[in-house]
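Dear colleague,

My notes on it follow directly after.

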Amino acid sequence: MVQLATTAAPTIDWPTIPRDAMRILDIVITLLLLMFFGPLCLAVAICIKATSHGPVIYRQRRIGYLGQEFYCLKFRTMRHDADARLAALLQHDLLARIQWSYDHKLRHDPRITPLGKFLRRSSIDELPQLINVLQGSMSLVGPRPIVAAEIPRYGRRFVHYTAMRPGITGLWQVSGRNDTTYRRRIALDVVFARRRSLGLYGRIMMLTVPAVLLQRGSR
């Protein structure tokens with residue numbers, strides 16, 4: 001577990017980054033990213049409205065800093081009757097139930113629209129989370145935001161998760177994402193909590209670009 005995380009960590013022993021300094025970095029970089037990706041976000045919003053029913057932005061309750069709940073924002077990638085489709089699938093498909101119980105994901109998810117598949121594979125669906133960063137509920141770099149149902153899987157390590165703001169990217173995203181096990185994902189969150197530094201923050205940001213472009217571990 002630690003070996004994978006170590007490859008993403010800097011070789012220089014950087015001092016731990018103060019929380020206030022990370023917040024300033026988050027705000028400055030996020031404002032630049034919003035200016036750059038603004039036209040793309042507008043185009044995506046128009047395409048979502050033109051190809052499917054429902055709102056452009058999907059809001060889901062996630063667990064954040066100090067265990068507080070917040071609404072995580074994404075471009076909507078699912079059909080308007082997604083909940084009914086999921087319930088029907090889990091009721092009649094044993095393999096789907098096993099996959100869902102493992103990590104709350106499905107290999108072949110009938111709820112996702114054709115446009116949604118592209119948005120997910122390219123990670124464009126997560127651009128609205130830049131608003132979460134400005135609001136202070138998320139950071140650019142941190143653990144992947146989880147739902148309440150996932151808390152028991154963290155056990156005593158949940159305290160490490162809640163010690164940080166969840167991130168748009170992090171060690172899990174640049175270390176294989178969905179190609180890694182859930183147990184390794186938790187281990188990476190713990191590693192980041194203990195090693196959090198300016199160097200690691202910058203290294204993860206740089207590694208995110210090729211990870212997104214090459215669609216490593218995305219489904």
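Arg-111 is buried, at 7% relative accessibility; here buried means under 20% relative accessible area, exposed over 50% and partly exposed in between, with a 1.4 Å probe and protein chains only. Its place is in the loop between helix 4 (94-103) and helix 5 (114-122). Helices (H or I, at least four residues) and strands (E, at least two) are DSSP runs, numbered from the N terminus.

Please note that this is a predicted model, in which local features need pLDDT of at least 70 and side-chain atom pairs count only at pLDDT 80 or more, whereas totals for chains, interfaces and linings use all residues. Residues are numbered from 1 along each chain as its sequence is written, and side-chain values use heavy atoms, with hydrogens and water left out.

Leaving aside neighbours within four places in sequence, Arg-111 is in contact (heavy atoms within 4.5 Å) with Thr-77, Met-78, Arg-79, Ala-82, Arg-85, Leu-86 and Trp-100. One of these partners, Thr-77, lies in the loop between strand 2 (69-75) and helix 3. Thr-77 is buried as well, with a relative accessible area of 5%. Not counting residues up to four places away in sequence, Thr-77 touches Arg-111, Ile-112, Thr-113, Gly-116, Leu-119, Arg-120 and Asp-125. Thr-77 and Leu-115 are 38 residues apart in sequence, with their C-alpha atoms 7.0 Å apart in space.

Two further contacts of Arg-111, Ala-82 and Leu-86, belong to the buried residues of helix 3 (residues 82-92), which are Ala-82, Leu-86, Leu-89 and Leu-90. Viewed down the axis of helix 3, these fall within an arc of 95° (taken from the directions from the helix axis to the C-beta atoms), so they line one face of the helix. The face turned away from that buried side carries the exposed residues Ala-84, Gln-91 and His-92.

Elsewhere, the axes of helix 2 (residues 19-51) and helix 11 (residues 198-213) come within 12 Å and cross at roughly 25°. Axes are lines fitted to C-alpha atoms, for helices over the stretch in contact, and angles run from 0 to 180 degrees between N-to-C directions. Helix 2 and helix 11 are therefore roughly parallel to each other, a term for angles under 35 degrees. Met-22, Leu-25, Asp-26 and Ile-29 in helix 2 meet Leu-198, Tyr-201 and Met-205 in helix 11.

Finally, the structure holds zero disulfides, a disulfide being a pair of cysteine sulfur atoms within 2.5 Å. Cys-41 is buried at 18% relative accessible area, and Cys-72 is buried at 2%.

With kind regards

Notes: Angles under 35 degrees count as roughly parallel, over 145 as roughly antiparallel, 65 to 115 as roughly perpendicular and the rest as oblique.
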